[in-house]
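Good morning, and thank you for joining. Please look at the structure first.

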2 protein chains.
Amino acid sequence: MTNPPPPIDGQALLDVFRRYLQDHNLPVTHQREVVASMIFFSDEHLSVGDIERGLAIRSEQVGKATIYRTLELLATAGLIEEHDFGEGFKRYEPLAAQSQHGHLICSGCGRVVEFSSDRLERMSALTAEEHGFRLHHHRLEIYGVCGECQGRDAATLQTTSVPSRE
Amino acid sequence: MTNPPPPIDGQALLDVFRRYLQDHNLPVTHQREVVASMIFFSDEHLSVGDIERGLAIRSEQVGKATIYRTLELLATAGLIEEHDFGEGFKRYEPLAAQSQHGHLICSGCGRVVEFSSDRLERMSALTAEEHGFRLHHHRLEIYGVCGECQGRDAATLQTTSVPSRE
DNA sequence: CCGGCGTTGAGAATCGGTTTCAACCCGAGG
DNA sequence: CCTCGGGTTGAAACCGATTCTCAACGCCGG
């Protein structure tokens with residue numbers, strides 16, 4: 001049930017980002033470093049709001065335009081991945097160069113659990129091929145209710161009558 | 001390789017929707033019917049803009065607030081599905097009560113091809129179970145470049161370096 | 001045919017995200 | 001160090017999608 005803690009080396013990613021900037025003749029600015037750090041040193045899927053808030057707590061003020069621009073850079077560099085879980089905004093996570101993975105999303109508490117699967121890899125490659133597509137990447141999201149929330153819901157249903165609405 | 005034309009019976013879905021409204025003591029209004037029809041009788045993944053435009057062509061004027069409200073109703077009723085292909089707005093498609101499917105999205109032309117796969121069904125069920133989740137639904141999107149666009153890209157690359165036929 | 005209650009729709013508000021542009025900073029060259 | 005120039009920054013304006021507001025309206029049971 002508990003997923004293993006991500007073995008992400010934020011410092012290493014940050015170094016790669018610095019080198020990426022240098023290689024592309026782009027200035028290594030303080031803002032770029034702190035925004036990148038926020039994501040690299042987090043094991044959550046952060047939203048831009050999360051990043052803004054986190055920076056404010058650290059007394060690092062960075063305009064949101066710069067946050068978005070840095071995220072775009074990081075995505076282009078292939079160091080982070082953008083996700084849309086249908087909340088009306090996007091979330092970002094450091095991209096462990098390792099294999100791709102899917103997301104299990106709890107409709108109850110919003111928790112996101114990552115998983116990877118060779119089966120998934122093989123299947124999407126096969127499917128793309130069948131339709132003449134050159135595969136770039138895929139995105140699998142499984143929505144459901146996690147064990148905890150199932151327990152809570154069951155308890156709630158005991159104490160309340162059945163609501164026809166939701 | 002070509003995907004079969006959708007065997008969606010729009011009329012049946014519309015009937016289900018009417019019954020759903022009656023069962024929930026909600027008025028069956030003209031607006032609700034025409035908005036639902038737009039989606040039920042289309043085999044595309046329509047955006048709200050598409051729906052507005054389509055209704056305007058039919059000389060059916062429906063406020064966008066009502067369109068959104070009807071879409072929410074339809075989604076709650078489980079008759080349509082909401083999709084976000086990262087275009088900055090959402091798209092909707094009638095939900096054939098049948099099996100779920102995934103989407104192949106061409107990064108070149110934006111074309112969306114549907115596919116279904118028992119393998120996918122089994123895999124997501126298994127994955128959810130492994131993590132203690134009660135599966136609700138899943139969403140698989142495979143991004144790549146379709147055959148046509150691959151051809152066009154190849155041709156473009158030719159003409160930029162080598163003077164040849166168009 | 002009536003009345004109540006839910007629906008409708010125009011417009012305003014919200015909200016995530018992008019653009020603008022003048023001030024500013026990184027970093028190569030003196 | 002100092003200087004310069006192009007890329008970067010950020011406040012605010014802008015944008016498009018979606019939601020909210022609220023008075024007028026229409027469905028439907030009686």
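I begin with a base: an oxygen of a base in DNA strand C lies 3.0 Å from an N or O atom in the side chain of A:Lys64. I count such a pair as a polar contact, meaning N or O atoms within 3.5 Å. This is a predicted model, in which local features need pLDDT of at least 70 and side-chain atom pairs count only at pLDDT 80 or more, while totals for chains, interfaces and linings use all residues. Residues are numbered from 1 along each chain as its sequence is written, chains are lettered from A and ligands numbered from 1 in the order in which they are written, and side-chain values use heavy atoms, with hydrogens and water left out.

The phosphates of DNA strand C are also contacted. A polar side-chain atom of A:Tyr68 is 2.7 Å from a phosphate oxygen, and a polar backbone atom of A:Lys90 is 3.0 Å from a phosphate oxygen. Two or more residues each come to this surface from helix 4 of chain A and from helix 2 (30-40) and helix 4 of chain B; helices here are DSSP runs of H or I with at least four residues, and strands are runs of E with at least two, numbered from the N terminus.

In total, 21 residues surround DNA strand C, and among the closest are A:Tyr68, B:Thr29 and B:Arg69. A residue is near a strand if one of its heavy atoms lies within 4 Å of it. Of the atoms of DNA strand C within 4 Å of the protein, 66% belong to sugar and phosphate.

I turn to DNA strand D. Its phosphate oxygens lie 2.4 Å from a side-chain N or O atom of A:Thr29, 3.2 Å from a backbone N or O atom of A:Gly63 and 3.1 Å from a polar backbone atom of B:Val28. Helix 4 of chain B contributes the most to this surface, with four residues.

Finally, the core. Which residues touch the most other members of the largest nonpolar core? Among its 26 residues, they are Leu104, Phe133 and Leu140 of chains A and B. Such a core is a set of buried Ala, Val, Leu, Ile, Met, Phe, Trp, Tyr and Cys residues joined through side-chain atoms within 4.5 Å, where buried means under 20% relative accessible area with a 1.4 Å probe, protein chains only.

How values were computed
Polar contact = N/O pair within 3.5 Å; in protein donor to acceptor, adjacent residues only side chain to side chain. Buried < 20%, exposed > 50% of the residue type's maximum accessible area, 1.4 Å probe, protein only.
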